[in-house]
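Here's a quick briefing on how the inside of this protein is packed. Have a look at the model first, then read on.

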Amino acid sequence: MGEKKERPPRVLVVDDEPGIRRVLRDIARRALKAETWEASDGEEALKIFGEVKPDVVLSDIRMPAMDGITLLRTVKERDSNVPVILVTGYPSLDVAIQGMKEGASDFLTKPFRLDQVQVVLEKALRERKLLQDNQDLRQELKHKRTIEKLYEKLHRKVKEMSAICSLGQTIAAFPLNRDAILRSLVHEARNAVNAMWVNFLVVEKGRCVSLAKSPEEVVSGPKDAPPQPSMAILNQASKVRAPILVPKRWKASDPSSSSGNSSDGNLSQMLVPLLIKGELIGIVHVAGKLDGQDFDRHDLTIVAELAKRAALGLENKYLYESVFEILMSTLTSLVSTIEARDRYTKQHSQRVTELSLLIAKEMGCTPEQLDTLKVAGYLHDLGKLGVRDSVLLKPGPLTEEEFAQIKAHPVIGEEIIAPIGFLPEERALVRHHHERWDGRGYPDGLKGEEIPFLARILSVADVFDALTSDRPYRPAMSVEKSSSEILRASGSQFDPAVVRAFESVLPSLAEKVKRPSEPQQKKNSPPKGAGNVAGI
């Protein structure tokens, strides 16, 4: 009998936008030679699903009648082996978590590129094939040898999927950190293919430079150092820009074991170029398999997949930095608009950010925490866009209704930045910079260490700048009097640890405060019910 011809993959595209459906179908046809179907909503998709039994479902999240999450859940109930890839133009952590809980295989963010869609579809089809193969094998298991073989295959796949997942988590956790992404790439590649060494290399002025390697340290001696590939092989990999296998001629030991000695000879090697938009960024060099065998095409595919994921992460880093710069420019312009409404608080956000950073450095904050303060410090009063001038600039006491408007500005600020990709830590600073250590702050009445740590720092800096600046209801206080007020409120309004750090850097803080204007002739009363050392 002749060998059964394998049918082309079947892809179902679900989206309420005809243009998106057409693009995704065209990509699937060109990249995978797939048979494709389309549906405009979840209900129509389920009818087609029962008829054609697709191998992969690409579904938008936001659709009328039945959304993508509900469709995902229903598809998994009917056939858990069918991968579902969610497509969204509004990515959020909450949606991603919900999708993963329901069994989503991957995510695509609009707008997307052909190579990105191809990578995700190829992975989904491999997942589909693996799940289907495993299901068939489970039905055919008859003896221990088959069970052991299946376990070995599953274990290998778990390692591979774990490597891809771990790299993805690193990219998600450190989207702007090139070194973290490269370290994760070499570490996960080494684990996935059971390698002795993995190096990420770039060629500079005719010599190799390592930007990341695993393991990071030599265990015993020079013989345990990762080998350098020949320039001829590197040049070949750079020229063809495709993964290359180099067979071994000898068996070596694990350098991370206690013995760690290697025999003389050649190692089995792989070289995988990492490309961004066709440009060569570097080469992943994998050397020596721990079981003494040659690396095979499957190993090469896994490392190539990891390299593609890392390349997408690095490209997203550069795109993110560009978009984030534009976004921050827009938001800081809005903050400047707010401060221009009130001559008393001109450049308030900039000064509060600088004061917060001084205190944070004194408290040993990490670079990531300092970056969070830089972003959130400038935006902490963004919510005052929603407060009327008649309230914001009122020189006399505020009514309860007016003070309620003022107290709403942290929540309004968080609502402004929440949909546009700011991190939870940054949103928390905007929301909670008016909470009090004793629990009598707003908007949520958090108490003590319930208040985010960086928000406690921002609160002290915010009040200190307010005290040393003119306000509609009082002239600016001196640095000496303002600092006394801060110290007096330690343990009631402020975290005592933050106040101690504030006191330590007070000379530096004093240089950054706004210089008091001439005393006003008439002092107005502070806002009724403000409850803080400084006004709002």
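V198 counts as buried (under 20% relative accessible area, with exposed meaning over 50% and partly exposed in between; 1.4 Å probe, protein chains only), because its relative accessibility is 1%. A word on the basis: this is a predicted model, where local features need pLDDT of at least 70, side-chain atom pairs count only at pLDDT 80 or more, and totals for chains, interfaces and linings use all residues. Numbering runs from 1 along each chain as its sequence is written, and side-chain values use heavy atoms, leaving out hydrogens and water.

**Around V198**
- You'll find V198 in strand β6; strands (E, at least two residues) and helices (H or I, at least four) are DSSP runs, numbered from the N terminus.
- Not counting residues up to four places away in sequence, V198 touches (heavy atoms within 4.5 Å) V186, A189, R190, A212, K213, S214, V284, H285 and V286.
- V198 and L271 sit 73 residues apart in sequence, and their C-alpha atoms are 9.8 Å apart.

**Nonpolar cores**
- A nonpolar core here is a set of buried Ala, Val, Leu, Ile, Met, Phe, Trp, Tyr and Cys residues joined through side-chain atoms within 4.5 Å.
- The largest one has 33 residues, and L185, V193, F200, V286 and L306 have the most contacts inside it.
- Helix α9 (297–341) is among the elements giving two or more residues to this core, and its share, nine residues, is the largest.
- Beyond its neighbours within four places in sequence, L306 contacts A163, I164, L167, L185, E188, A189 and A192.
- Another core lies apart from it, with 31 residues, including L357, A360, V498 and V505.

**Helix α15**
- In α15 (residues 424–432), the buried residues are E426, A428, L429, V430 and H432.
- Their cover includes α11 (367–379), α14 (409–417) and α16 (453–467).
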